[in-house]
Each structure stands twice: as structure tokens, then as C-alpha cells.
Amino acid sequence: MRIAFYTLGCKVNQYETQAVAELFKESGFEIVDFDSKADVYVINTCTVTNMSDRKSRQAIKKAKKLSPESIVVVMGCYPQVYPHEVEKIRDIDIIIGTKDRQKIVDYVKEYLDNKKKIVAIDEGYKRESFEELKISEFNERSRAFIKIEEGCDQFCSYCIIPYARGAVRSRSLESIEEEVRRLVSNGYKEFVITGINISAYGKDLDGKITLIDVIERINEIEGVKRIRLSSLEPLIMSEQFISRLLSFDKLCHHLHLSLQSGSDKILKLMNRHYTTAQYQGIVERIKEKWDDVAFTTDIIVGFPGETEEDFNDTVKFVQEIGFSRIHVFRFSPKKGTKAYDMPNQIDSKEKERRSKVMKEVAANLSYQFHRKFVGKWLEVLIEQDSDFDGYYEGYSGNYIRTLVRKSHMIVPGEIYKVKITQAYEQYVKGEII
């Protein structure tokens, strides 16, 4: 049977889709592109914003239109948080939440036998342990995501994810190491440590092991060339954590340090537990050791109660930090969160204006960061053909998208020293000499 996958949302979702795809492949299914005619379509949903929900529904509709007789499976955060809403959507045959994904092949076989709709959602908040979903490849890419943790219990006032993913559950160090070694043997060189909140890793293990121990273990594995971290919470950055972090020779000089706002007032309303002064202190300590470090972050504009002064404070703060990349989000009121019905909601046109301003600031910061490396050498993992004719592209350790001219001497999947010759807002160009 032919099966196709569609993934919305975060790196964790991408990892989980890969793991589920391997389960189907082991059972004899042929994986095809989502735009192709298939017997089974699996849509791995996201529910971070209302737009995510809409995109999930559009993917469901598209699958049934491509192949009216197909089996449509919907899994992930959207059905987990809003099971009754998803059950009402026509054209869905199997519904799975964020638990028991390893049973997905059995659910499809069960549906093939009796043609009865299957709803397999555990609506309870608590989960007992980390659900093992293993991978041996990653979408034919040169870097692989490693999921080390599930769940979050921070309950930021704008975020629905704790309700979708439950409490923190950590994967064992042994299981993580086993997967990394398997992927190394399959040719992968860069590993992105990911999870719903990797900063909370080990919280359910009585604090005996933490995220820094995971990084250390992976750093020791022969064949690993690079370790990259997904989003980190500022409060994990103690003096001891930073000291150990900066000692790992394989760790990429790129940190995605969650910010959300540059206004202390708004951070408090968001239920974020740090101040801008604390954040700036962390950045300065790391920059003292890594002069080429790239800081990336997320910013929400138009949060309830955000005045023009608060917004301007955020603009000023991100400029002071000098982020290399900023993901800008307009606040989207999400039913079920505390911020949904907070007072002083911001008008949609004003949110759009602030978003445009912040994106312009972000674009300028990216260009200024890239300019610093013209004439310098960066180590770049060449990944694939670029959209620019005649070029390969890949990423440097500090997460700069880098284009190099194609040559028979260049092999995708390998790391090369590249001399940077030109800088642009979204990428740089360089030469392998």
C-alpha cells in the first residue's frame, strides 16, 4: 500500500513523523509524496495557533480530494487538545493524539479489516513515561533531530502545548546514545537535540541527570561532528551550566534562547520567569567566550496589554542583543489559555503593524550579523542543491545559510571550510578554496 505524510509545526513533530514513517516502511508500505495518490494519508497536526488548526483542516481536505477512497489518519496536538472538534470533521478515519503513536500501523490494519472509525485519544493530562519512537534516518537530510524529552509544565499564559503534550517525561541516556550511534553509522554528522522543553530534561528523574549530561554524552560519541540545540529557556543558563556548555568542542556556536518580549511587564503577564536584565547577562557571558556565536529567538508582538512603549522596549532590546535571526509571531488568542480572555487585547491591524516593524528590524539584524563574516572562514555542512542555479547550500556552525558554487569536488553531507565573499539578509555566499 502507498502512504503519504504531511507534517505541521515543530521539530518534534518532524521527528515523530519520521519515526511513524519508519514503522509503516517496516510493515511493507511504500512511502510517496503527499501530493501523490495514496492509499493512506497521515497528517501530523499542530495547534500552537488558530492558523495551525486551519492548516491541519486544509491538509485533511486535500488528502481526501487527492484520493477519495483513501484512509485519512490525523494525529498529534490538534486532536489531543480539541478531540470533539476533530471528531466532527468529515473525511477522517483514524484519530490519534500525542500518545500511543507506536500503535498507528495496527490502527490502520484494524480499519482495513472492519472499516469503522477509530478514535484513540487519552484525554488525561498525566502520562507515565517517555514514549519510545525511534529513527534510523531523517528525510534524507545531513542533519538528524534527536527527541530527548516530551511535555512541558511551564504554562506560559499564551501557550496551549502543556495541554497537548502533558507533563515532562525524559528519555533515557542509553536510548539517546543508541539512536545517535545508529544514525552516525548511517552517515549523519550533525545532531539537533529537540523536545517540547529540552531545558526541563531530567526533571522527572529526580535531577540526577540534566540536559548538560545529554550534551556531554553525545559529545563523546565518535563520528558526531556537530551538536545543535533547539530552543532553550533562559533560566537553565546558570554559571555552572554555561561553564560546562562552552567546554564541548562539538557544540555549534548557535543558541536559540527563548525571549518572547523585551518588556519586563509583558514577560510577567506571559508567565515567563526571567527579566530582560537576566537575559542580557546570559548573552554577555556567552559572547565573552564565543565571539562568533549566533543568538536566535522568538518574539510575540501584540500580546494583551502591550503598549506602544512596551513594543518599543522590545525593539530596542533585540537590537541591543544583536540576534542573528528572529521568528516574529503576532499574538493569536488560543482558547484554553489564560491569555485568551485577558483584558486589553490588541487590535489586529496594530498587531500587523508591529509585526511588520519587528520583521524589518530582524532583517536588518540578520544582514548585520552576516556582514561580520565576509572575508572570514566558516565550516559549512553542505546539505543539498540550492534554489539558486549552480549552487549547493548548507549551514555553518553558527547557523548561517551558506551558498557555494557546485563542483565535482563537493559532496553533500560533508563539512567544508568556506571563505565568505558576499553577505545578504537571508544567506551568504562563499568559496571552497
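Select Gln260 to begin, and you will find this residue of the predicted model in the loop that runs between strand S11 (254-256) and helix H10 (264-269). Gln260 counts as buried because its relative accessible area is 8%, which is under the 20% cut-off. If you display backbone torsions, phi of Gln260 is near 80 degrees, a positive value in a residue other than glycine. Most residues other than glycine have a negative phi.

Asp100 sits in the loop between strand S5 (94-96) and helix H5 (104-114), and with a relative accessible area of 23% it is partly exposed.

Now colour the chain by domain, using residues 2-120 for domain 1, 143-372 for domain 2 and 376-432 for domain 3. The C-alpha centres of domain 1 and domain 2 lie 28 Å apart, and where these two domains meet, 17 residues of domain 1 are in contact with 20 residues of domain 2. The area buried between domain 1 and domain 2 is about 1500 Å², with carbon and sulfur atoms giving 58% of it. Select Lys11, Val12 and Tyr15 to see the residues of domain 1 that lose the most area to domain 2, together 38% of what that side buries.

Stay at this boundary and show the side chains of Arg101 and Glu150, which meet in a salt bridge at 3.5 Å, N to O. Between domain 1 and domain 2 the count is 4 salt bridges, and there are 11 residue pairs in polar contact. To see which helices supply the side of domain 1 that touches domain 2, select H1 (11-26), H2 (50-66) and H3 (77-81), each of which supplies at least two residues; H1 gives the most, with 6 residues. By class, this side of domain 1 has 6 nonpolar, 7 polar and 4 charged residues.

For the last stop, select Cys46, in the loop between strand S3 (40-45) and H2. Is Cys46 buried or exposed? Cys46 is buried, because its relative accessible area is 10%, under the 20% cut-off. Leaving aside residues up to four places away in sequence, Cys46 touches Leu8, Gly9, Asn13, Ser52, Asp53, Ser56 and Tyr78. Finally, draw a distance from Cys46 to Val357, which are 311 residues apart in sequence and 27 Å apart in space, C-alpha to C-alpha.

Conventions
Residues are numbered from 1 along each chain as its sequence is written. This is a predicted model: local features need pLDDT of at least 70, side-chain atom pairs count only at pLDDT 80 or more; totals for chains, interfaces and linings use all residues. Side-chain values use heavy atoms; hydrogens and water are left out. Domain bounds come from an automatic or database domain assignment. Contact means heavy atoms within 4.5 Å. Buried area is the accessible area (1.4 Å probe) that two parts lose on being put together, summed over both. A polar contact is a pair of N or O atoms within 3.5 Å; within protein, one must be able to donate a hydrogen and the other to accept it, and residues adjacent in sequence count only if both atoms are side-chain atoms. Helices (H or I, at least four residues) and strands (E, at least two) are DSSP runs, numbered from the N terminus. Ala, Val, Leu, Ile, Met, Phe, Trp, Tyr, Cys and Pro count as nonpolar, Asp, Glu, Lys and Arg as charged, and the others, Gly among them, as polar. Buried means under 20% relative accessible area, exposed over 50%, partly exposed in between (1.4 Å probe, protein chains only).
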